[in-house]
Amino acid sequence: HSLTNHLPGALERDEFFLEYQPLIRMSDGQVDGAEALVRWKHPVHGRLGPDRFIPLAEHTGLIVPLGRWVLEQAVSHACTWAGGQPLRVNVNLSPRQLHHPDLVPDTIAVLESAGVAPSSLCLEVTESALISADEDELKPLWQLAELGVDIALDDFGTGYSNLANLRRLPATTLKLDRSFTQGLQRHPADPVDLTFVEGIVSLAHALGLAVTVEGVETESQADQLRQLGCDTAQGWYYARPAPPGEFARDWARAG
Ligand code: G
Ligand code: G
Ligand code: MN
Ligand code: NA
């Protein structure tokens with residue numbers, strides 16, 4: 001029953017499914033998009049989160065076909081959410097996908113066959129996956145960015161990157177790691193976290209990047225982050241990740 005034995009066939013057995021968590025625009029509280037999050041309905045262990053199998057999929061290479069499946073599913077779900085005007089959808093990319101030669105052609109093919117504009121897709125790449133990337137390794141992301149795909153730096157603030165490095169990355173959005181959001185929950189808020197968020201927001205805006213905050217669990221965090229100038233927020237305060245039908249019912253605009 002080991003995960004290692006079951007994982008290779010799981011895609012063919014149709015055991016993966018996606019959940020969606022809304023991204024909320026802080027200026028007006030409206031939904032701005034959704035992050036697709038993969039789960040595995042394991043025949044023995046039941047529902048497993050990505051932390052349980054993404055590292056294994058990355059290690060075995062299954063992440064490449066799995067990642068393509070996630071992209072196809074997410075883009076096709078996004079099409080159904082708002083009569084012809086799809087919500088933006090965020091899809092996570094693992095390092096191995098980033099380095100695969102099919103990333104650009106596959107992404108273009110998926111968007112074209114669904115008739116979805118590149119600007120409706122945001123690819124999330126962790127800051128740590130990009131730190132060591134050289135110019136050649138960044139080329140596919142630049143190509144996608146030039147087509148209009150948004151690129152978000154996920155878990156930003158945890159990867160020890162040189163801030164000057166941001167200028168050579170094709171990122172359009174910084175996703176501030178949820179540890180900063182947690183620091184704002186204390187009374188009084190952790191002054192270092194406050195200063196850090198303030199600094200990142202002003203740096204990001206100066207570079208033309210938007211800031212999304214993760215892990216917003218309370219109204220107080222949401223209020224502080226809005227005042228600090230964050231553009232978009234995600235977290236349990238707004239909604240937990242939910243299956244596509246439930247997400248559509250609660251968040252998709254009527255078509
Ligand atoms: O689903 P959960 O909220 O537990 O997400 C945990 C982590 O798994 C997140 O950091 C997210 O980036 C990652 N993750 C979720 N879905 C995918 C996916 O489709 N591909 C990759 N590579 N990572 C994912
Ligand atoms: O890509 P990333 O690792 O950032 O994926 C988001 C992860 O954060 C998912 O595992 C998701 O379930 C989780 N998450 C989303 N909102 C919240 C929240 O408000 N609080 C906490 N603790 N986790 C959250
Ligand atoms: Mn993410
Ligand atoms: Na993250």
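The expected span of a helix is taken as 1.5 Å times one less than its number of residues. Helices (H or I, at least four residues) and strands (E, at least two) are DSSP runs, numbered from the N terminus. The model is a predicted one, in which local features require pLDDT of at least 70 and side-chain atom pairs count only at pLDDT 80 or more, whereas totals for chains, interfaces and linings use all residues. Residues are numbered from 1 along each chain as its sequence is written, and chains are lettered from A and ligands numbered from 1 in the order in which they are written.

The secondary structure of the chain amounts to 11 helices and 9 strands. For 255 residues, a compact globule would have a radius of gyration near 18 Å, and the value of 18 Å for the chain therefore agrees (computed over C-alpha atoms, with the globule rule being 2.2 Å times the number of residues to the power 0.38). Along the principal axes, the C-alpha atoms fill a box of roughly 50 × 40 × 40 Å. Of the 255 residues, 37% are buried, a residue being buried if 20 or more other C-beta atoms, placed from the backbone, lie within 10 Å of its own. Contacts are defined by C-beta atoms, placed from the backbone, within 7 Å; among those between residues at least 6 apart in sequence, 65% join residues at least 24 apart.

Helix α7 (residues 135-147) has 13 residues and should span 18 Å at 1.5 Å a residue; its end C-alpha atoms are 18 Å apart, so the two agree. Just after the helix, G148 adopts a positive phi of about 110°.

Two ligand shells were examined, a residue being near a molecule if its C-beta atom, placed from the backbone, lies within 6 Å of it. The residues around ligand 1 include L37, V38, D51, N92 and D154. At least two residues of this shell come from each of β2 (31-42), α2 (50-60) and α3 (63-80), and α2 provides the largest share, 3 residues. The shell around ligand 1 has 6 nonpolar, 4 polar and 2 charged residues (Ala, Val, Leu, Ile, Met, Phe, Trp, Tyr, Cys and Pro are nonpolar, Asp, Glu, Lys and Arg charged, and the others, Gly among them, polar). Around ligand 2, D154, G215, E217, G235 and W236 come nearest of 14 residues, and the shell divides into 4 nonpolar, 5 polar and 5 charged.

Key. Buried ≥ 20, exposed ≤ 12 C-beta atoms within 10 Å, placed from the backbone. Contact = placed C-beta atoms within 7 Å.
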